[in-house]
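Work through the exercises below with the sequence and the 3D view open beside you. Try each task before you read its solution.

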Amino acid sequence: MAPTIFFILIALFIIPANAHLQQSNEDGFISMVISEKGLNFAKDLLIKQAISSLTPLQLPIIEKSVKIPFIGSVHMALSNITIYQVNVSSSSVNLNDTGISIVASGATANLSMNWYYSYTSWVFVPIEISDKGKASIQVEGMEMGLTLGLENQGGTLKLALMECGCIVKDLSIILDGGASWFYQGLVNAFEGQIRAAVESSIGKKIQEGILKLDSLLQTFPKEIPVDDIASLNVSFVSQPLLDDSSIGFEIDGLFTATDKEIVPNYYHKNSQPSVASDGPSKMLEISLDEAVFNSASIVYFNAESLRWIVKKVPDQSLLNTAGWRFIVPQLYRKYPNDDMQLNVSLSTPPVIRISSHKIDATIYSDMIIEVLDANEIIPVACISVMVSASGSAEISRNNLGGSVDLDDFTLALKWSKIGNFHMYLIQSVMWTFIKTVALPYANSHLRKGFPLPIVRGFTLQNADLLYTDSRIMICSDVAFTGSLPF
């Protein structure tokens with residue numbers, strides 16, 4: 001019981017994984033490690049969940065005819081045998097090269113049942129004598145264990161039950177009613193069968209749970225939709241790495257266009273050693289390579305979603321030619337007091353670089369100044385803008401978001417229909433526009449973030465963020481906030 005449900009949590013703690021000691025040559029750009037603390041959290045939580053899922057458990061009817069001294073042949077039957085309470089005093093999990101072994105020991109179980117017997121007594125004529133009642137059974141020293149083998153099949157988990165067993169060391173039966181001779185007869189007749197029925201039924205329940213889990217894992221998606229443009233590829237690309245106290249996983253982790261099939265990636269992963277969080281260990285470590293964020297840039301750029309028509313700004317005079325009459329006089333002379341709008345589009349996908357202390361972004365864009373003259377939109381000039389920005393990441397529940405701030409920018413006149421004008425003349429206007437309009441707009445979207453591969457029902461808690469060369473590291477505990485999906 002407890003072992004079955006325990007491993008369900010390990011498998012569902014993150015999006016479907018694969019356990020084996022072999023490693024693929026294919027790169028995964030999101031790495032995840034469940035630590036010993038995380039495994040213990042899984043064990044403690046799932047034992048509690050498992051007890052409720054195991055009970056009540058109905059055992060099959062047991063019948064037998066036995067010979068009782070001075071009584072003769074007695075037909076006995078036990079029915080409605082029900083395990084209604086289970087307690088586990090200790091449990092453990094061992095990771096090795098053959099799979100994952102889980103043992104729950106020192107368990108007790110309480111059972112209830114109905115008993116019945118009948119026999120024929122000869123005095124002068126045959127008389128059938130029968131009786132019935134209830135009984136309780138206390139099972140002591142029960143041990144349950146299983147070994148699981150896991151195989152990655154096309155990015156999802158194939159789960160195999162290699163070994164499974166349940167052993168009952170001792171049980172005691174308390175009858176409610178019945179003759180004194182019947183008690184010893186029942187114990188002698190049925191103790192072994194009751195023991196075998198408990199062991200068999202719990203073992204069968206474990207096997208059923210593993211089959212259900214395997215079927216469930218096959219239905220898990222290989223990508224998580226972010227919006228109507230992009231999805232996050234969460235298929236696993238290699239077999240998990242097991243050591244004595246943790247399990248590690250490699251996930252593809254790249255963004256793909258929602259309307260396209262997942263195709264092989266051509267990114268190169270920057271291999272770096274794992275960096276642990278300062279302070280007490282956390283349950284879960286997630287590492288995201290900068291290729292994850294650059295793949296998002298490419299997807300949104302190719303979808304032509306990195307475009308923006310600016311019609312409202314905090315200082316609305318900046319969107320009227322009168323506000324430019326001392327900066328670009330020829331614009332005002334040709335289109336006096338006309339409203340304007342700014343047509344901003346990125347010319348290349350933004351490039352994100354992660355260093356040991358910060359996140360840097362380089363953004364190239366074209367800003368076309370458009371005059372609204374007599375219901376006509378007239379492009380008058382195009383300015384190339386290169387922005388250097390620094391950013392920071394932040395966790396909001398199970399989403400990774402962030403924000404950026406301006407470091408520097410450069411301007412270049414790409415073309416103009418109103419003659420040449422010097423970029424230094426509009427430097428202050430552009431600084432105001434970037435700080436008060438462009439960055440707040442970008443940050444409103446960045447703070448929403450994208451979902452990390454954490455299964456429904458679990459939430460990151462007390463997360464720490466670290467930056468290493470080319471990667472963001474998330475070290476977090478996990479809280480259980482819902483019901484498990486099984």
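The exercises that follow concern salt bridges in this predicted model.

**Exercise 1.** Find how many salt bridges a search of the whole structure gives, and decide whether the contact between Lys-37 and Asp-477 belongs among them.

Solution. The search of the whole structure gives eight salt bridges. For the pair in question, the N to O distance between the side chains of Lys-37 and Asp-477 is 3.3 Å. Because a salt bridge requires such a nitrogen and a carboxyl oxygen to lie within 4 Å, the contact between Lys-37 and Asp-477 is a salt bridge.

**Exercise 2.** Which parts of the chain does the pair Lys-37 and Asp-477 tie together, and is each residue buried, partly exposed or exposed?

Solution. Begin with the elements: Lys-37 sits in helix α2 (residues 36–54), whereas Asp-477 belongs to strand β24 (residues 471–480), so the pair joins parts that are 440 residues apart in sequence.

**Exercise 3.** Describe the salt bridge between Lys-414 and Asp-366, giving its distance and the strands involved.

Solution. First, the side chains of Lys-414 and Asp-366 meet at 2.9 Å, taken from N to O.

Technical notes:
Residues are numbered from 1 along each chain as its sequence is written. This is a predicted model: local features need pLDDT of at least 70, side-chain atom pairs count only at pLDDT 80 or more; totals for chains, interfaces and linings use all residues. Side-chain values use heavy atoms; hydrogens and water are left out. Helices (H or I, at least four residues) and strands (E, at least two) are DSSP runs, numbered from the N terminus.
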